[in-house]
Amino acid sequence: PYMREVSGVKVLEDRLREKLKLESVIVVPGDSDESEWVKEEMGKACVTYLQSISGPGQTLAVTGGTTMASVASRMTPSAGMEDWLFVPARGGLGERVEHQANTICVEMAKKAMGNYRLLYVPDPISEESYQNIIEEPSVKDVLGIIRSSDIVIHGLGDALTMANRRKTPDDQLAVIKERQAVGEAFGYYFSQSGEVVHKVRTVGLQLEDLEGDREVIAVAGGSSKADAISSYFQPGKSSVLITDEGAAKELMRDT
Ligand code: G3H
């Protein structure tokens, strides 16, 4: 029965890779909506993947959230990762401190025996402050590292779940609902067809920075995130998806 389970997951990976037109898809067994340990398994799968692509002197940018926190909790030192530089992809986005990109970045770097740089800026931030702060030399320096990072790993969330968790102001919440956002990543909210319908102004990696020659890995699972995953991948912004069986089955449901 174990082998059958494994090969079932393999078939899901192939079908999902084709459907979302990705370079690589990894599906771990289970549904993280139902069992917390499945998220840990996605974290472990992400660490294994990172170790498989690791080369010397890489820079890795990481976002926040509970899934990224489980990647950090599973991080282990690995040959070739000691001189990696870890940076937060964006600011806190209103998350609790343990789920903010800065916190996760430090934990990952320490466990991988690498180095880190952090972004000390308020977040979200007003338009006026934003324009000034990105010119601050220390911020500018880290932003440059983030924008030129070799690898980006990030979470993906259900739009309303994320908006509520981040205590989004009522006027912005109304926009998110009215424009029928279903997915969220990096503070960008996406409609089912993959259009950006709202964006939180924060310092750090912007969606357009994902283009170009770098490895972008999304880690997101749970059947409740299926719509969010498909909305985000409409225009195809990341090349690798690490997910679970719950989300993968839901994504393949109508095909
Ligand atoms: O942007 C999406 C969130 O970071 C995902 O958070 O991993 O806690 O579901 P989560």
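Author: Contact here means heavy atoms within 4.5 Å. The model is a predicted one.

Reader: How are the axes of α3 and α4 arranged, roughly parallel or roughly antiparallel?

Author: Two packed helices are described by the angle between their axes and the distance between the axes. For α3 and α4 the axes lie 8 Å apart, and the packing angle is about 20°. The crossing of α3 past α4 is left-handed. Angles under 35 degrees count as roughly parallel, and therefore α3 is, relative to α4, roughly parallel.

Reader: At what angle do the axes of α2 and α3 cross?

Author: The crossing of α2 past α3 is right-handed, and α2 is oblique to α3. The axes of these two helices come within 8 Å and cross at an angle of roughly 60°.

Reader: How many charged residues has the contact of α2 with α3?

Author: From α2, the contact takes in K39, E40, E41, M42, G43, K44, C46 and V47. These meet T66, T67, S70, V71, S73 and R74 in α3. By class there are four nonpolar and five polar residues, and the number of charged residues is five.

Reader: Which elements do the buried residues of α3 pack against?

Author: Buried means under 20% relative accessible area. In α3 this applies to T67, M68, A69, S70, V71 and A72. The buried residues of α3 pack against α2, β2, α4, β5 and β10.

Reader: What is I229 in contact with, leaving aside its neighbours within four places in sequence?

Author: I229 is one of the residues that touch the most other members of the largest nonpolar core. With neighbours within four places set aside, the contacts of I229 are L20, L156, A220, L241, T243, A247 and L251.

Reader: How many residues has the other core, the one with V28 and A72?

Author: This core lies apart from the largest one. Among its members are V28, M42, A72 and I217, and its residues number 31.

Reader: Is K167 buried or exposed?

Author: K167 lies in the loop between α7 and α8. The residue has a positive phi of about 50° although it is not a glycine. Exposed means over 50% relative accessible area. The value for K167 is 71%, so K167 is exposed.

Reader: Where is Q180 found?

Author: Q180, although not a glycine, has a positive phi of about 55°. Its relative accessible area is 59%, so Q180 is exposed. Q180 is found in the loop between α8 and β7.

Reader: How many Å apart in space are G212 and S148, C-alpha to C-alpha?

Author: G212 has its place in the loop between β9 and β10. At 61% relative accessibility, G212 counts as exposed. G212 and S148 are 64 residues apart in sequence, and in space, C-alpha to C-alpha, they are apart by 9.7 Å.

Technical notes:
Residues are numbered from 1 along each chain as its sequence is written. This is a predicted model: local features need pLDDT of at least 70, side-chain atom pairs count only at pLDDT 80 or more; totals for chains, interfaces and linings use all residues. Side-chain values use heavy atoms; hydrogens and water are left out. Axes are lines fitted to C-alpha atoms, for helices over the stretch in contact, and angles run from 0 to 180 degrees between N-to-C directions. Helices (H or I, at least four residues) and strands (E, at least two) are DSSP runs, numbered from the N terminus. Angles under 35 degrees count as roughly parallel, over 145 as roughly antiparallel, 65 to 115 as roughly perpendicular and the rest as oblique. A crossing is left-handed if the near helix is turned anticlockwise from the far one by less than a right angle, and right-handed if clockwise. A nonpolar core is a set of buried Ala, Val, Leu, Ile, Met, Phe, Trp, Tyr and Cys residues joined through side-chain atoms within 4.5 Å. Buried means under 20% relative accessible area, exposed over 50%, partly exposed in between (1.4 Å probe, protein chains only). Ala, Val, Leu, Ile, Met, Phe, Trp, Tyr, Cys and Pro count as nonpolar, Asp, Glu, Lys and Arg as charged, and the others, Gly among them, as polar.
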